[in-house]
Amino acid sequence: MYWKSGESLKSDLWDNYSVSWEWGFLPPTQPLSKLTNPYFSPWEQIMSALPQLLREKTFQDQIDQTLPLLDAEQLQGREEYVRALTVLSFLSSAYVWMNYPIPKTKLPANISVPFKKVCGYFDLPPILTYTGFTLFNWKIVDPNLPFSIDNITVPTTFTETESERWFSIIPLGVEKVAVNSIQQIILAQTKIEEITNCHNDVHGRIHVYQNNTLMEDNINFGSSQLSPRDERQLLIEHMERELLVYLTRLDDSIQQITKIVNRMYEKCNPDTFYTVLRPFLSGWKGSPHLPLGLIYDGLSEEPLQFHGSSAAQSSVFALLDAALGVNHHPEEKIQLGGSQTTQSISGGAHNFLEHMKLYMPRKHREFIARVQQSPFSIHHYVEDSAILKDELRASFNRCVESLSDFRKAHMGLAVHYVVARARQQGHSARGTGGSDVVSILKKLRAETDQTKI
(Lines give C-alpha, C1' and ligand atoms only; values in the text may rest on other atoms or scores of the structure.)
Protein backbone atom coordinates (compact mmCIF):
# COMPACT_ATOMS: atom_id res chain seq x y z
CA MET A 1 0.00 0.00 0.00
CA TYR A 2 1.18 3.52 -0.81
CA TRP A 3 0.24 4.71 2.69
CA LYS A 4 0.40 2.39 5.68
CA SER A 5 -2.51 2.07 8.12
CA GLY A 6 -3.24 2.41 11.81
CA GLU A 7 -0.31 2.78 14.16
CA SER A 8 2.09 1.87 11.36
CA LEU A 9 0.89 4.89 9.39
CA LYS A 10 1.36 7.17 12.39
CA SER A 11 4.89 5.88 12.96
CA ASP A 12 5.75 6.15 9.28
CA LEU A 13 4.49 9.73 9.05
CA TRP A 14 6.54 10.86 12.02
CA ASP A 15 9.70 8.85 11.38
CA ASN A 16 9.93 9.69 7.68
CA TYR A 17 8.24 13.08 7.38
CA SER A 18 8.04 14.66 10.88
CA VAL A 19 4.28 14.80 10.37
CA SER A 20 2.01 13.84 13.25
CA TRP A 21 -1.40 12.25 12.64
CA GLU A 22 -2.80 14.30 15.54
CA TRP A 23 -0.74 17.50 15.11
CA GLY A 24 0.12 17.68 11.42
CA PHE A 25 3.15 19.87 10.73
CA LEU A 26 3.15 21.24 14.28
CA PRO A 27 5.48 19.69 16.86
CA PRO A 28 3.48 16.94 18.61
CA THR A 29 4.62 18.22 22.00
CA GLN A 30 4.63 21.81 23.17
CA PRO A 31 7.93 23.45 22.19
CA LEU A 32 10.34 24.30 24.98
CA SER A 33 9.95 27.88 26.16
CA LYS A 34 13.54 27.82 27.36
CA LEU A 35 16.69 25.73 26.99
CA THR A 36 17.37 24.39 30.48
CA ASN A 37 21.01 23.39 29.91
CA PRO A 38 23.04 26.10 31.72
CA TYR A 39 25.51 26.06 28.85
CA PHE A 40 22.92 27.84 26.69
CA SER A 41 21.87 30.38 29.33
CA PRO A 42 23.61 33.24 27.43
CA TRP A 43 21.16 32.69 24.55
CA GLU A 44 18.16 32.57 26.83
CA GLN A 45 19.23 35.54 28.92
CA ILE A 46 19.52 37.82 25.93
CA MET A 47 16.30 36.41 24.46
CA SER A 48 14.38 37.23 27.64
CA ALA A 49 15.53 40.86 27.33
CA LEU A 50 15.15 41.09 23.54
CA PRO A 51 12.08 43.39 23.31
CA GLN A 52 13.53 45.82 25.86
CA LEU A 53 16.97 45.82 24.23
CA LEU A 54 15.37 46.56 20.87
CA ARG A 55 13.37 49.45 22.32
CA GLU A 56 16.52 50.84 23.94
CA LYS A 57 18.54 50.26 20.74
CA THR A 58 21.23 48.39 22.72
CA PHE A 59 20.65 44.88 21.39
CA GLN A 60 23.47 44.92 18.82
CA ASP A 61 25.96 46.10 21.46
CA GLN A 62 24.88 43.26 23.77
CA ILE A 63 25.48 40.72 21.02
CA ASP A 64 28.85 42.18 20.08
CA GLN A 65 30.11 42.61 23.63
CA THR A 66 28.61 39.87 25.79
CA LEU A 67 27.37 36.89 23.75
CA PRO A 68 29.88 34.01 23.57
CA LEU A 69 30.19 31.68 20.60
CA LEU A 70 28.41 28.54 21.80
CA ASP A 71 28.74 25.09 20.30
CA ALA A 72 25.38 23.94 18.92
CA GLU A 73 26.67 20.37 19.06
CA GLN A 74 25.83 20.52 22.78
CA LEU A 75 22.12 20.50 21.92
CA GLN A 76 20.49 17.17 22.68
CA GLY A 77 17.43 15.87 20.87
CA ARG A 78 14.88 17.37 18.52
CA GLU A 79 13.09 19.42 21.18
CA GLU A 80 16.25 21.36 21.99
CA TYR A 81 16.93 21.95 18.30
CA VAL A 82 13.36 23.23 17.91
CA ARG A 83 13.89 25.80 20.65
CA ALA A 84 17.36 26.73 19.41
CA LEU A 85 15.98 27.39 15.93
CA THR A 86 13.50 29.93 17.30
CA VAL A 87 16.11 31.58 19.55
CA LEU A 88 18.76 32.01 16.86
CA SER A 89 16.20 33.01 14.23
CA PHE A 90 15.06 35.89 16.43
CA LEU A 91 18.58 36.89 17.41
CA SER A 92 19.78 36.99 13.80
CA SER A 93 16.87 39.03 12.48
CA ALA A 94 16.94 41.43 15.44
CA TYR A 95 20.65 42.00 14.94
CA VAL A 96 20.32 42.79 11.25
CA TRP A 97 17.16 44.92 11.39
CA MET A 98 17.27 46.70 14.79
CA ASN A 99 17.82 50.05 13.05
CA TYR A 100 15.60 49.35 10.04
CA PRO A 101 15.84 50.50 7.27
CA ILE A 102 19.58 50.75 7.95
CA PRO A 103 20.74 47.15 8.35
CA LYS A 104 23.85 45.49 9.61
CA THR A 105 25.71 44.00 6.65
CA LYS A 106 27.46 41.24 8.62
CA LEU A 107 26.03 38.71 11.07
CA PRO A 108 28.62 38.00 13.79
CA ALA A 109 29.99 34.50 14.23
CA ASN A 110 28.48 34.11 17.70
CA ILE A 111 25.09 33.95 15.94
CA SER A 112 25.91 32.81 12.41
CA VAL A 113 27.97 29.70 13.26
CA PRO A 114 25.52 28.01 15.66
CA PHE A 115 22.58 29.23 13.58
CA LYS A 116 23.92 27.46 10.49
CA LYS A 117 24.36 24.25 12.51
CA VAL A 118 20.84 24.36 13.95
CA CYS A 119 19.25 25.15 10.58
CA GLY A 120 21.15 22.22 9.11
CA TYR A 121 19.30 19.89 11.49
CA PHE A 122 16.06 20.77 9.70
CA ASP A 123 17.70 21.48 6.30
CA LEU A 124 16.58 25.12 6.46
CA PRO A 125 18.45 28.23 5.27
CA PRO A 126 20.04 30.33 8.03
CA ILE A 127 17.41 33.06 8.28
CA LEU A 128 14.17 33.67 10.19
CA THR A 129 11.61 31.44 8.48
CA TYR A 130 7.97 30.66 9.14
CA THR A 131 9.17 27.54 10.94
CA GLY A 132 11.28 29.37 13.52
CA PHE A 133 8.99 32.37 13.85
CA THR A 134 5.62 30.60 14.07
CA LEU A 135 5.52 26.81 13.72
CA PHE A 136 7.95 26.14 16.59
CA ASN A 137 6.89 29.10 18.75
CA TRP A 138 3.74 28.43 20.78
CA LYS A 139 2.49 27.58 24.24
CA ILE A 140 -0.89 26.37 25.49
CA VAL A 141 -2.33 28.79 28.04
CA ASP A 142 -4.61 26.40 29.94
CA PRO A 143 -3.35 22.80 29.74
CA ASN A 144 -6.82 21.57 30.73
CA LEU A 145 -8.26 22.96 27.49
CA PRO A 146 -7.50 21.94 23.91
CA PHE A 147 -5.20 23.74 21.51
CA SER A 148 -7.09 26.61 19.87
CA ILE A 149 -6.36 30.18 18.85
CA ASP A 150 -8.08 31.32 22.05
CA ASN A 151 -5.94 29.03 24.23
CA ILE A 152 -2.41 29.52 22.91
CA THR A 153 0.14 32.25 23.18
CA VAL A 154 3.51 33.00 21.58
CA PRO A 155 6.32 32.98 24.17
CA THR A 156 9.04 34.53 22.00
CA THR A 157 8.49 37.92 20.37
CA PHE A 158 10.36 40.95 19.06
CA THR A 159 7.88 43.53 20.32
CA GLU A 160 5.73 42.02 23.12
CA THR A 161 2.71 43.46 21.32
CA GLU A 162 -0.67 41.80 21.00
CA SER A 163 -0.46 42.38 17.25
CA GLU A 164 2.72 40.32 16.92
CA ARG A 165 1.33 37.48 19.01
CA TRP A 166 -1.94 37.42 17.07
CA PHE A 167 -0.05 37.49 13.79
CA SER A 168 1.48 34.14 14.78
CA ILE A 169 -1.51 32.71 16.64
CA ILE A 170 -3.73 32.83 13.54
CA PRO A 171 -1.43 30.67 11.34
CA LEU A 172 -0.91 28.33 14.30
CA GLY A 173 -4.68 27.88 14.39
CA VAL A 174 -4.59 27.19 10.67
CA GLU A 175 -1.93 24.51 11.19
CA LYS A 176 -4.06 22.72 13.78
CA VAL A 177 -7.23 22.80 11.66
CA ALA A 178 -5.19 21.57 8.70
CA VAL A 179 -4.51 18.33 10.58
CA ASN A 180 -7.92 17.20 9.33
CA SER A 181 -6.90 18.13 5.78
CA ILE A 182 -3.81 15.94 6.07
CA GLN A 183 -5.87 13.03 7.35
CA GLN A 184 -8.53 13.28 4.65
CA ILE A 185 -5.92 13.56 1.88
CA ILE A 186 -4.23 10.35 3.03
CA LEU A 187 -7.58 8.58 3.47
CA ALA A 188 -8.74 9.70 0.02
CA GLN A 189 -5.56 8.52 -1.71
CA THR A 190 -5.76 5.22 0.18
CA LYS A 191 -9.39 4.76 -0.87
CA ILE A 192 -8.47 5.35 -4.50
CA GLU A 193 -5.75 2.72 -4.19
CA GLU A 194 -8.28 0.28 -2.72
CA ILE A 195 -10.61 0.90 -5.66
CA THR A 196 -7.72 0.34 -8.04
CA ASN A 197 -6.97 -2.95 -6.31
CA CYS A 198 -10.52 -4.21 -6.80
CA HIS A 199 -10.02 -6.91 -9.42
CA ASN A 200 -11.04 -10.44 -10.48
CA ASP A 201 -9.01 -13.47 -9.56
CA VAL A 202 -8.81 -16.53 -11.81
CA HIS A 203 -12.18 -17.76 -10.47
CA GLY A 204 -13.96 -14.52 -11.27
CA ARG A 205 -14.29 -13.54 -7.60
CA ILE A 206 -13.95 -9.96 -6.47
CA HIS A 207 -11.10 -8.87 -4.22
CA VAL A 208 -11.30 -5.57 -2.33
CA TYR A 209 -8.45 -4.51 -0.11
CA GLN A 210 -8.80 -1.98 2.69
CA ASN A 211 -5.70 -1.12 4.67
CA ASN A 212 -3.95 -4.25 3.38
CA THR A 213 -6.84 -6.46 4.54
CA LEU A 214 -8.92 -8.55 2.15
CA MET A 215 -12.50 -7.28 2.51
CA GLU A 216 -14.45 -9.43 0.03
CA ASP A 217 -16.25 -11.40 2.75
CA ASN A 218 -17.19 -8.28 4.71
CA ILE A 219 -19.43 -6.65 2.11
CA ASN A 220 -22.72 -8.35 1.30
CA PHE A 221 -24.69 -7.04 -1.63
CA GLY A 222 -27.60 -9.41 -1.00
CA SER A 223 -27.69 -11.24 -4.28
CA SER A 224 -25.97 -14.36 -5.55
CA GLN A 225 -27.32 -13.61 -9.04
CA LEU A 226 -25.01 -10.67 -9.70
CA SER A 227 -22.40 -11.13 -12.35
CA PRO A 228 -18.79 -10.43 -11.38
CA ARG A 229 -18.99 -7.23 -13.44
CA ASP A 230 -22.11 -6.00 -11.60
CA GLU A 231 -20.69 -6.98 -8.25
CA ARG A 232 -17.53 -5.06 -9.05
CA GLN A 233 -19.58 -1.98 -9.94
CA LEU A 234 -21.44 -2.14 -6.64
CA LEU A 235 -18.21 -2.59 -4.70
CA ILE A 236 -16.63 0.38 -6.40
CA GLU A 237 -19.72 2.52 -5.87
CA HIS A 238 -19.64 1.58 -2.20
CA MET A 239 -16.02 2.71 -1.92
CA GLU A 240 -16.61 5.87 -3.94
CA ARG A 241 -19.25 6.90 -1.43
CA GLU A 242 -16.56 6.58 1.23
CA LEU A 243 -14.33 8.74 -0.95
CA LEU A 244 -17.11 11.33 -1.08
CA VAL A 245 -17.06 11.48 2.72
CA TYR A 246 -13.32 12.21 2.73
CA LEU A 247 -13.68 14.95 0.13
CA THR A 248 -16.54 16.52 2.07
CA ARG A 249 -14.42 16.55 5.20
CA LEU A 250 -11.48 18.02 3.28
CA ASP A 251 -13.73 20.80 2.00
CA ASP A 252 -14.93 21.53 5.52
CA SER A 253 -11.34 21.69 6.78
CA ILE A 254 -10.35 24.21 4.10
CA GLN A 255 -13.39 26.32 4.94
CA GLN A 256 -12.38 26.28 8.61
CA ILE A 257 -8.91 27.49 7.60
CA THR A 258 -10.43 30.50 5.86
CA LYS A 259 -12.62 31.31 8.87
CA ILE A 260 -9.55 31.36 11.09
CA VAL A 261 -7.56 33.48 8.63
CA ASN A 262 -10.34 36.06 8.60
CA ARG A 263 -9.95 36.49 12.35
CA MET A 264 -6.56 38.15 11.78
CA TYR A 265 -8.32 41.53 11.72
CA GLU A 266 -9.55 41.11 15.32
CA LYS A 267 -6.28 41.74 17.18
CA CYS A 268 -3.53 42.54 14.69
CA ASN A 269 -3.25 46.29 14.20
CA PRO A 270 -2.16 47.01 10.61
CA ASP A 271 0.02 49.99 11.52
CA THR A 272 1.77 48.07 14.30
CA PHE A 273 2.31 45.15 11.97
CA TYR A 274 3.64 47.18 9.06
CA THR A 275 5.79 49.65 10.98
CA VAL A 276 6.94 47.75 14.06
CA LEU A 277 6.91 44.00 13.31
CA ARG A 278 7.26 43.60 9.57
CA PRO A 279 10.85 44.93 9.33
CA PHE A 280 12.07 41.98 11.44
CA LEU A 281 10.48 39.53 8.99
CA SER A 282 12.44 40.95 6.07
CA GLY A 283 15.10 39.00 4.24
CA TRP A 284 18.17 39.83 2.24
CA LYS A 285 17.29 38.57 -1.19
CA GLY A 286 15.75 41.17 -3.47
CA SER A 287 16.02 43.65 -0.61
CA PRO A 288 16.63 47.31 -1.49
CA HIS A 289 18.34 47.70 1.89
CA LEU A 290 20.69 44.71 1.47
CA PRO A 291 20.93 44.38 -2.31
CA LEU A 292 24.06 42.21 -2.13
CA GLY A 293 22.85 40.08 0.76
CA LEU A 294 24.35 39.47 4.20
CA ILE A 295 27.82 38.32 5.18
CA TYR A 296 27.80 35.43 7.67
CA ASP A 297 30.96 35.91 9.70
CA GLY A 298 32.75 32.62 10.25
CA LEU A 299 30.94 30.98 7.34
CA SER A 300 31.41 33.07 4.21
CA GLU A 301 33.39 36.11 3.18
CA GLU A 302 30.90 36.80 0.41
CA PRO A 303 27.34 37.95 1.15
CA LEU A 304 24.58 35.34 1.00
CA GLN A 305 21.00 36.02 -0.06
CA PHE A 306 17.86 34.53 1.48
CA HIS A 307 14.17 35.41 1.42
CA GLY A 308 12.46 36.62 4.57
CA SER A 309 9.69 34.90 6.48
CA SER A 310 6.52 34.39 4.44
CA ALA A 311 3.16 32.64 4.74
CA ALA A 312 4.20 30.85 1.54
CA GLN A 313 6.65 28.90 3.72
CA SER A 314 3.78 27.10 5.47
CA SER A 315 3.61 23.51 4.26
CA VAL A 316 -0.20 23.49 4.51
CA PHE A 317 -0.96 25.29 1.27
CA ALA A 318 1.71 23.56 -0.75
CA LEU A 319 0.15 20.31 0.47
CA LEU A 320 -3.37 21.33 -0.56
CA ASP A 321 -2.10 22.31 -4.01
CA ALA A 322 -0.32 18.97 -4.32
CA ALA A 323 -3.35 16.97 -3.19
CA LEU A 324 -5.85 18.75 -5.44
CA GLY A 325 -3.55 18.93 -8.45
CA VAL A 326 -3.30 22.72 -8.60
CA ASN A 327 -0.67 23.64 -11.19
CA HIS A 328 1.19 26.92 -10.95
CA HIS A 329 2.56 27.66 -14.39
CA PRO A 330 5.93 29.35 -14.92
CA GLU A 331 4.63 31.88 -17.46
CA GLU A 332 1.49 32.24 -19.48
CA LYS A 333 -1.57 34.43 -19.89
CA ILE A 334 -4.33 33.42 -17.52
CA GLN A 335 -7.97 34.25 -16.92
CA LEU A 336 -8.62 36.99 -14.40
CA GLY A 337 -12.12 38.17 -13.63
CA GLY A 338 -13.58 36.19 -16.50
CA SER A 339 -11.57 37.81 -19.28
CA GLN A 340 -8.20 37.22 -20.89
CA THR A 341 -5.64 39.55 -19.42
CA THR A 342 -3.87 41.75 -21.95
CA GLN A 343 -0.51 41.10 -20.40
CA SER A 344 1.14 38.10 -18.84
CA ILE A 345 1.14 38.15 -15.06
CA SER A 346 4.61 37.38 -13.79
CA GLY A 347 5.54 33.74 -13.90
CA GLY A 348 7.43 34.48 -10.72
CA ALA A 349 4.51 32.98 -8.78
CA HIS A 350 5.54 29.46 -9.79
CA ASN A 351 9.23 30.12 -9.23
CA PHE A 352 8.56 31.84 -5.91
CA LEU A 353 6.42 29.00 -4.54
CA GLU A 354 8.93 26.37 -5.60
CA HIS A 355 11.70 28.37 -3.96
CA MET A 356 9.64 28.77 -0.79
CA LYS A 357 9.58 24.98 -0.39
CA LEU A 358 13.29 25.22 0.37
CA TYR A 359 12.30 27.28 3.41
CA MET A 360 10.21 24.42 4.81
CA PRO A 361 11.78 21.62 6.88
CA ARG A 362 13.15 18.97 4.53
CA LYS A 363 10.92 16.19 5.86
CA HIS A 364 7.83 18.34 5.31
CA ARG A 365 8.94 18.97 1.74
CA GLU A 366 9.33 15.24 1.25
CA PHE A 367 5.83 14.61 2.60
CA ILE A 368 4.37 17.10 0.12
CA ALA A 369 6.30 15.41 -2.68
CA ARG A 370 5.00 12.02 -1.53
CA VAL A 371 1.42 13.27 -1.82
CA GLN A 372 2.07 14.96 -5.16
CA GLN A 373 3.78 11.92 -6.67
CA SER A 374 1.14 9.43 -5.57
CA PRO A 375 -0.16 7.26 -8.45
CA PHE A 376 -3.55 7.55 -6.72
CA SER A 377 -4.20 11.19 -7.56
CA ILE A 378 -7.52 12.55 -6.32
CA HIS A 379 -7.83 14.90 -9.30
CA HIS A 380 -7.07 12.23 -11.90
CA TYR A 381 -9.37 9.65 -10.36
CA VAL A 382 -12.32 12.02 -10.12
CA GLU A 383 -11.70 13.30 -13.64
CA ASP A 384 -11.17 9.98 -15.42
CA SER A 385 -12.16 6.90 -13.48
CA ALA A 386 -15.14 7.51 -11.25
CA ILE A 387 -18.52 5.78 -11.42
CA LEU A 388 -20.17 8.50 -9.31
CA LYS A 389 -18.75 11.14 -11.62
CA ASP A 390 -21.23 13.93 -10.96
CA GLU A 391 -21.19 13.59 -7.18
CA LEU A 392 -17.42 13.23 -6.95
CA ARG A 393 -16.76 16.11 -9.33
CA ALA A 394 -19.12 18.37 -7.40
CA SER A 395 -17.41 17.47 -4.13
CA PHE A 396 -13.93 17.89 -5.60
CA ASN A 397 -14.86 21.25 -7.10
CA ARG A 398 -16.16 22.45 -3.75
CA CYS A 399 -12.70 21.71 -2.31
CA VAL A 400 -11.11 23.76 -5.07
CA GLU A 401 -13.61 26.60 -4.58
CA SER A 402 -12.87 26.64 -0.86
CA LEU A 403 -9.13 26.81 -1.55
CA SER A 404 -9.82 29.70 -3.96
CA ASP A 405 -11.88 31.41 -1.25
CA PHE A 406 -8.93 31.08 1.10
CA ARG A 407 -6.67 32.72 -1.47
CA LYS A 408 -9.18 35.54 -1.83
CA ALA A 409 -9.12 36.00 1.96
CA HIS A 410 -5.30 35.92 1.92
CA MET A 411 -5.30 38.59 -0.77
CA GLY A 412 -7.56 40.73 1.42
CA LEU A 413 -5.09 40.45 4.28
CA ALA A 414 -2.19 41.37 2.03
CA VAL A 415 -3.98 44.46 0.77
CA HIS A 416 -5.03 45.55 4.27
CA TYR A 417 -1.74 44.90 6.05
CA VAL A 418 0.84 45.52 3.32
CA VAL A 419 -0.39 47.20 0.15
CA ALA A 420 -2.48 49.94 1.75
CA ARG A 421 0.24 50.79 4.28
CA ALA A 422 2.95 50.73 1.62
CA ARG A 423 0.98 53.16 -0.54
CA GLN A 424 0.46 55.47 2.43
CA GLN A 425 4.22 55.61 2.96
CA GLY A 426 5.23 55.61 -0.70
CA HIS A 427 6.80 52.14 -0.50
CA SER A 428 6.81 49.26 -2.94
CA ALA A 429 4.14 46.71 -2.00
CA ARG A 430 6.29 43.60 -1.75
CA GLY A 431 5.93 40.68 0.65
CA THR A 432 8.52 39.92 3.32
CA GLY A 433 9.58 36.97 1.18
CA GLY A 434 10.50 39.48 -1.53
CA SER A 435 7.51 38.78 -3.76
CA ASP A 436 5.26 41.12 -5.74
CA VAL A 437 2.47 40.19 -3.38
CA VAL A 438 -0.62 41.34 -5.31
CA SER A 439 0.37 39.89 -8.68
CA ILE A 440 1.38 36.59 -7.18
CA LEU A 441 -1.77 36.17 -5.08
CA LYS A 442 -3.98 36.98 -8.08
CA LYS A 443 -2.15 34.44 -10.16
CA LEU A 444 -2.38 31.77 -7.46
CA ARG A 445 -6.12 32.22 -7.17
CA ALA A 446 -6.64 32.17 -10.93
CA GLU A 447 -4.65 28.95 -11.25
CA THR A 448 -6.56 27.42 -8.37
CA ASP A 449 -9.85 28.18 -10.14
CA GLN A 450 -8.55 26.48 -13.28
CA THR A 451 -8.18 23.21 -11.35
CA LYS A 452 -11.94 22.61 -11.24
CA ILE A 453 -13.18 19.68 -13.31
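This is a predicted model: local features need pLDDT of at least 70, side-chain atom pairs count only at pLDDT 80 or more; totals for chains, interfaces and linings use all residues.
**Backbone angles.** Then I went looking for exceptions.

Ser-18 turned up with a positive phi of about 50°, and it is not a glycine. I found Ser-18 in the loop between α1 (6-17) and α2 (41-48). Is Ser-18 buried or exposed? Its relative accessible area is 9%, and the cut-off for buried is under 20%, so I put Ser-18 down as buried.

Asp-123 is another non-glycine with a positive phi, about 55° here. It sits in the loop between α6 (109-122) and α7 (130-135). I noted Asp-123 as partly exposed, with a relative accessible area of 35%.

Next I checked the peptide bond from Tyr-100 to Pro-101, and that one is cis, with omega near 10°. Pro-101 lies in the loop between α5 (77-97) and β1 (106-107).

**Helix α16.** I ran along residues 389-424, a helix of 36 residues. From first C-alpha to last, α16 reaches 50 Å, close to the 52 Å expected. I also logged a bend of about 40° in α16 at Val-415. Just after α16, Gly-426 has a positive phi of about 70°.

**Thr-272.** What does Thr-272 touch, leaving out residues up to four places away in sequence? I got Thr-161, Ser-163 and Leu-277. Thr-272 itself belongs to helix α11 (residues 270-277). Ser-163 is 109 residues from Thr-272 in sequence, yet their C-alpha atoms are 6.8 Å apart in space.

Methods. Residues are numbered from 1 along each chain as its sequence is written. Side-chain values use heavy atoms; hydrogens and water are left out. Helices (H or I, at least four residues) and strands (E, at least two) are DSSP runs, numbered from the N terminus. Contact means heavy atoms within 4.5 Å. The expected span of a helix is 1.5 Å times one less than its number of residues. The bend at a residue is the angle between axes fitted to the seven residues ending there and the seven starting there. Buried means under 20% relative accessible area, exposed over 50%, partly exposed in between (1.4 Å probe, protein chains only).
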